[in-house]
Amino acid sequence: MCGIVGYSGKRPAAPALLAALARLEYRGYDSAGIATVFGGDLHIKKGIGKLEQVEENCSLSHLPGNSGIGHVRWATHGGVTTGNAHPHCDCEHYIAVAHNGIIDNFEALKRRLSKTHTFVSQTDTEVIAHLVEEYLEPGAPLEQAVGRAVKDLKGTYALVVASPVEPGKLVACRQGSPLVLGIGKGETYVASDFQAFLDSTRQVVFIEDGEMVVLTHNLFHIYGRDGKRLRRPPVMLDNSLVKAEKEGYDYFMLKEIMEQPDAILATLRQDKQTLQKAAGLISRSRNVVFTACGTSRHAALIGRYLFSSVAHRLSDVIIASEFGYFGEAVNEETVVIAVSQSGETADVLEGVREAKNRGAKVLSIINTVGSSLARVSDRVLYLGCGPEISVAATKSFISQLVIFYLLAFTLAGRLEEATGELARLAAEIKENLAANNYAVPEVADLLSGKDKFYYIARGINYAVAGEAALKLKEVAYVHAESMPAGELKHGTLALIEEGTPVVAITPCDVTREHMLANVAEVKARGAFVIGVSDLPNNLFDAFVEVPQVAEVYYPLVSIIPLQLFAFYSAIARGLDPDRPRNLAKSVTVK
Ligand code: M6R
């Protein structure tokens, strides 16, 4: 959460920073700001709201100078106010800091510094600016003061500092939050994510925890925890990572939903040996535990089902934020499968670190190349579905499922069978999406006045119900609850009344008969039933048709119209599905 960026070059810094922040907005969009260095002064503008609003109100892009820093915020400490927006400054307005992470000991530091420094915000970040001020010595380099300041910090941070004390120089540090350098021609960037500067350069250097980097327009020096200079040549990112434009769509969410057939094909292009090695890790282990959050956890639940039904391996799924409470049972015989689109989710990273300390092996399933999770894992399988910008995960979910099909069928020695079927399904889904034959926008419009929804399913489709409900909550702000259909009669049935929408995922598989019985139960209590199926039924008030597929593949075809349903429900309610309130794409706080 929160995105930071720094730029030093020959071009005006502010427009470059603004463009970079626009690509980082998925990390936070409650406020934004930029600080540049020019004429011996810091120039700062910041405000609340989405970036375009802040630009409209404050003209961030008009700030002068060729170097500076910027920030998009997702509030943790201190409300959403202009005063709490970054960059933050020292007392003299001579040091500007943009920060992503949480400084756990900020209250103690603030108490200590308050005797001689004046604080103007409620944020944890402001202590960093005052610490640098405290340690800045006349004639000494800025990095010396920043290096001393970060030694006082406990918590997580990726931060970048600019000051007229050394115009054109930026100092950035990382501990637990992502940081990457971009090396262009006569210009350098530092940012939370390389997407920020991909339109300017694809040469990147990943910064590791405990490191500090000093950059100017034409050089960068990296220092390790011990203060010694490190040599790390830039790597060139490949083209497949560059695809973060809307390409004619009004929203990233819709674009990414429509991209799903291609995502399936892209994820299928796994290196066979890497896949075999990942499967080997699982087959040699005694216990298999998935850990993930949100959408990635729903994918993991389907993975668990596939491991059981296809590979006959029992496994468990533990929500990442709860993983630590199960630590005692994790040992050298455990393989932890960490699932994360971003590879930066703090809860996942913490669980994985704990598992490693206990001797477990870690296999990670990640979309973002170079992420923190990739660097702490024993093996990684990449989704390869391209950048996902919308806060609501869609194509990464489909790609995570593809990985689980590949792993389960590899474990069962039937890989070819799965790859053929998945490629065929990708083509079928593409046709359906192109023909727009899910009839979803009409149903979303019809139900746009409803404020609670229930999603029911059984077996492998149950996690699809969970994922569909999460999508609706997240982008349409509608209460939605999912459950195994058989569980309804144990309490929730009491909430069903005349007109209550119930989405019933009822494909022609082993669950059909029991599902129809449960549908009849809600119908008898007045529910409005939206049947998602390959076969209509009289019990359905609305019918969302999906193709008929072999049993294990139903999740792939049934989630897509339900993602569309959430999208069109947001549109019907006049909401921006790409930037849902209170959320951010990359959840780097615990
Ligand atoms: O990057 P990750 O997959 O680790 O993110 C996990 C969740 O934060 C994420 O899936 C979240 O639930 C999505 N916004 C849901 O659409």
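The legends below describe close-up views of a predicted model.

View 1. The size of an interface is often given as the accessible area lost when the parts come together. Between domain 2 and domain 3 about 2300 Å² is buried, with carbon and sulfur atoms giving 76% of that area. On the side of domain 2, Tyr251, Met253 and Tyr405 supply 23% of the area buried against domain 3, which is more than any other three residues supply.

View 2. Side chains of opposite charge can pair when their charged atoms come close. The structure holds 29 salt bridges, and the rule finds 1 salt bridge across the interface of domain 2 and domain 3. The side chains of Lys430 and Asp262 form a salt bridge with a distance of 3.0 Å from N to O. Another salt bridge joins the side chains of Arg174 and Asp209, with a distance of 2.7 Å from N to O. Arg174 belongs to strand β8 (residues 170-175), whereas Asp209 sits in the loop between β11 (203-206) and β12 (212-216), so this pair ties together parts that are 35 residues apart in sequence.

**View 3. The largest pocket and its lining.** The largest pocket holds about 590 Å³ of space. Its lining is made by 27 residues, and the closest of these to the centre of the pocket are Cys293, Gly294, Thr295, Lys585 and Val587. At least two lining residues come from each of α9 (294-309), β18 (334-340), α10 (346-357) and α15 (462-476), and the largest share, 5 residues, is that of α9. By residue class, the lining of the largest pocket comprises 12 nonpolar, 10 polar and 5 charged residues. Domain 2 (244-413) and domain 3 (430-577) each contribute at least three residues to this lining.

**View 4. The largest cavity.** A search of the whole structure finds 2 cavities of 30 Å³ or more, and the largest cavity contains about 100 Å³ of space. Of the 15 residues that line the largest cavity, Cys2, Thr76, His86, Gly101 and Asp124 lie nearest its centre. Strand β6 (residues 96-103) gives the most to this lining, with 3 residues. The lining of the largest cavity divides into 5 nonpolar, 8 polar and 2 charged residues.

**View 5. The second largest cavity.** The volume of the second largest cavity is about 40 Å³. Val440, Val443, Val503, Ile530, Val532, Val544, Leu562 and Phe565 form its lining, and the elements that give two or more residues to this lining are α14 (440-446), β24 (528-533) and α17 (554-572). The lining of the second largest cavity consists of 8 nonpolar residues, with no polar and no charged residues.

**View 6. The loop between β4 and β5, with Trp74 and Pro87.** Trp74 is placed in the loop between β4 (67-73) and β5 (88-89), and Pro87 also lies in the loop between β4 and β5. When neighbours within four places in sequence are left aside, Trp74 is in contact with Met1, Cys2, Arg27, Gly28, Asp30, Asn582, Leu583, Ala584 and Val589. Trp74 and Tyr438 are 364 residues apart in sequence, and their C-alpha atoms are 35 Å apart in space. The peptide bond that joins His86 and Pro87 is cis, with omega of about -5 degrees, and His86 is also among the residues nearest the centre of the largest cavity.

**View 7. Backbone of the loop between α9 and β17.** Most residues other than glycine have a negative phi, and most peptide bonds are trans. His312, which is not a glycine, has a positive phi of about 55 degrees. His312 is found in the loop between α9 and β17 (316-319), and α9 is also the element that gives the largest share of the lining of the largest pocket.

Note on methods: Residues numbered from 1 in each chain as written. Predicted model: local features only at pLDDT ≥ 70, side-chain atom pairs only at ≥ 80, totals over all residues. Heavy atoms only, no water. 1 Å grid on protein atoms, 1.4 Å probe; cavity = no way out; pocket = protein on both sides within 12 Å on 5 of 7 lines; lining within 4 Å. Points joined across faces, edges and corners; volume = space filled by probe spheres on them. Helix = DSSP H or I, 4+ residues; strand = E, 2+ residues; numbered from the N terminus. Nonpolar A, V, L, I, M, F, W, Y, C, P; charged D, E, K, R; others polar. Domains from an automatic or database assignment. Buried area = accessible area lost by both parts, 1.4 Å probe. Salt bridge = Lys/Arg side-chain N within 4 Å of Asp/Glu carboxyl O. Contact = heavy atoms within 4.5 Å.
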